Amino acid sequence: MSDAEQDQLLENFISLARSDQTLRDEIKSARNQDEIIAIAQAKGFSLDSLAILRKWNKHSDFSKPTWLGWFED
């Protein structure tokens, strides 16, 4: 899968998480990216760690909990 396809898959997973409070809470309780990848896989999203890293590198506001830059809360 290309980087662009992985990035889009990650964006789709993040969109799902933003609309599903239970999934969002599960992501927030994950201890590391491996646990997040496992959560994504359980939901049918085959993410790789580089997609998460590329998304994380775009985040710049570290003044509050970041949740990988995915959520505002």
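In which helix is the place of E5? E5 belongs to helix α1, which covers residues 3-19; helices here are DSSP runs (H or I, at least four residues) numbered from the N terminus. This is a predicted model, in which local features need pLDDT of at least 70, side-chain atom pairs count only at pLDDT 80 or more, and totals for chains, interfaces and linings use all residues. Residues are numbered from 1 along each chain as its sequence is written, and side-chain values use heavy atoms, with hydrogens and water left out.

View A. E5 has a relative accessible area of 47% and is partly exposed (buried is under 20%, exposed over 50%, partly exposed in between; 1.4 Å probe, protein chains only). Its C-alpha atom is separated by 9.9 Å from that of L47, 42 residues apart along the chain.

**View B. Salt-bridge network of D3, D7 and R54.** A salt bridge places a side-chain nitrogen of Lys or Arg within 4 Å of a carboxyl oxygen of Asp or Glu. Relative accessibility is 47% for D3, 24% for D7 and 21% for R54.

**View C. Salt bridge between E35 and R31.** The closest N and O atoms are 2.6 Å apart. E35 is partly exposed at 24%, whereas R31 is exposed at 73%. The count of salt bridges comes to three.

Definitions and conventions
Helix = DSSP H or I, 4+ residues; strand = E, 2+ residues; numbered from the N terminus.
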